[in-house]
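Please read it alongside the sequence and the 3D view.

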Amino acid sequence: LVQPGQESRRALPDGVHVAKLNAKAGGTTWTGSLDMPRGCGTPDACPIRFALSADEIALARMSEWISARPKARPWYRVLDAGGKPGPSVLARLHASGRLTASRFVVHGVPAADVSASVKIDGGKLQILELNANLFGGKHRGRWQADFSVTPSVCNGSGTLAGLSLDRVADEMGDEWIAGTANGSYELKGLCTAEFWQSAEGTLQVDMKDGALPHVVIGEAGEALKITHLSGHARLREEKIEITPAMLDSTNAEFQLSGTASLKRELDLKLARIAPDTLPAGYEITGTLAEPRISALSNTEQARLKPLPPK
């Protein structure tokens, strides 16, 4: 909802420039400027260019706002989500420009100091060149949301560098992991609160100088320290399925496989690369907060070891 008297409009020969815009929509406050051709009466007739800043953007709240169905409004009320039922404003809007935000939340995952190129066309939202600070590291990627279908669908991809796993653990409220990581992801799911329940995709992780404080193995009873972990995983049906990954610890090399659910349930196996060393490995079940560790037998380890190529 545009705040009266806080924006200034200037008519140009071929368009209108709106400066000092101050608006509230999608659960956040927007400031910046808009440019559009002259003679536009409704949003679907106006290709809009913008440069906007926001205090916080949450993709879930944007979905709720875009799904609202307000009546048609003049160009200077294009951000107004009130009114009687009618075609959704953003379902008819054609706009593009640059967006910055102090905070951006994608289905519960917070990022800071966000900048992106944004395009809205016929209910489809594209967030390109999405750069942000994420858990002490850097994120580069892109997200798309299709609000022209019901239910709306979101998908995104990106790379991560210098991610602090300690900060990830803090966000989750349990110091279950430490270290730094690089990686990449591709995800797709519903643009609703059920995003993570519906999400599917792939993950790639490269972790160094880390630890799993709750995973205590060996006779010394020390937490598992990781010098290097590299591998791929697939997300589906609320579970992360780990393709056998290589895990180097301070005293052994392991092959890591199994699943970790989004409900923090574990079903993992650590099989030693050197099969003549006892124990042959470990099975990790239970939860992230309270894992249960038991030793694998040589027979179990042999079943886990992949066959050599022919």
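The lining of the second largest pocket is made up of seven nonpolar, four polar and four charged residues. The model is predicted. In total, 15 residues line this pocket. Its volume is about 200 Å³. Nearest the centre of the pocket lie I217, G218, E222, T250 and N251. Which strand gives the most to the lining of the second largest pocket? Strand β12, residues 222–236, does, with four residues.

Now the charged pairs. Side chains of opposite charge can pair when their charged atoms come close. How many salt bridges does a search of the whole structure find? The search returns four. The table lists some of them.

| Salt bridge | Closest N and O atoms |
|---|---|
| R103 with E56 | 2.8 Å |
| E241 with R236 | 3.0 Å |
| K269 with E283 | 3.3 Å |

Take R103 and E56, whose closest N and O atoms are 2.8 Å apart. R103 sits in strand β5 (residues 94–106) and E56 in strand β4 (residues 47–58), so this pair ties together parts that are 47 residues apart in sequence. R103 is partly exposed, at a relative accessible area of 37%. E56 is partly exposed as well, at 24%. Buried would need under 20% relative accessible area, and exposed over 50%.

Next comes K269 with E283, with the closest N and O atoms 3.3 Å apart. Why does this pair tie together parts that are 14 residues apart in sequence? The reason is placement: K269 lies in strand β15 (residues 265–272) and E283 in strand β16 (residues 281–287), so the link runs between those two strands. K269 has a relative accessible area of 22%, which counts as partly exposed. E283 has 24% and is also partly exposed.

That leaves E241 and R236. Their closest N and O atoms are 3.0 Å apart. E241 is partly exposed, with a relative accessible area of 25%. R236 is partly exposed too, at 31% relative accessibility. Strand β12 covers residues 222–236, and R236 pairs with E241 in a salt bridge. The numbering of strand β12 also takes in residue 222, and E222 is one of the residues nearest the centre of the second largest pocket.

Notes: Residues are numbered from 1 along each chain as its sequence is written. This is a predicted model: local features need pLDDT of at least 70, side-chain atom pairs count only at pLDDT 80 or more; totals for chains, interfaces and linings use all residues. Side-chain values use heavy atoms; hydrogens and water are left out. A salt bridge is a side-chain nitrogen of Lys or Arg within 4 Å of a carboxyl oxygen of Asp or Glu. Buried means under 20% relative accessible area, exposed over 50%, partly exposed in between (1.4 Å probe, protein chains only). On a 1 Å grid over the protein atoms alone, a cavity is a set of points where a 1.4 Å probe fits but cannot get out, and a pocket is an open set with protein on both sides within 12 Å along at least five of seven lines; lining residues have an atom within 4 Å of a point. Grid points are joined across faces, edges and corners, and a volume is the space filled by probe spheres set on the points. Ala, Val, Leu, Ile, Met, Phe, Trp, Tyr, Cys and Pro count as nonpolar, Asp, Glu, Lys and Arg as charged, and the others, Gly among them, as polar.
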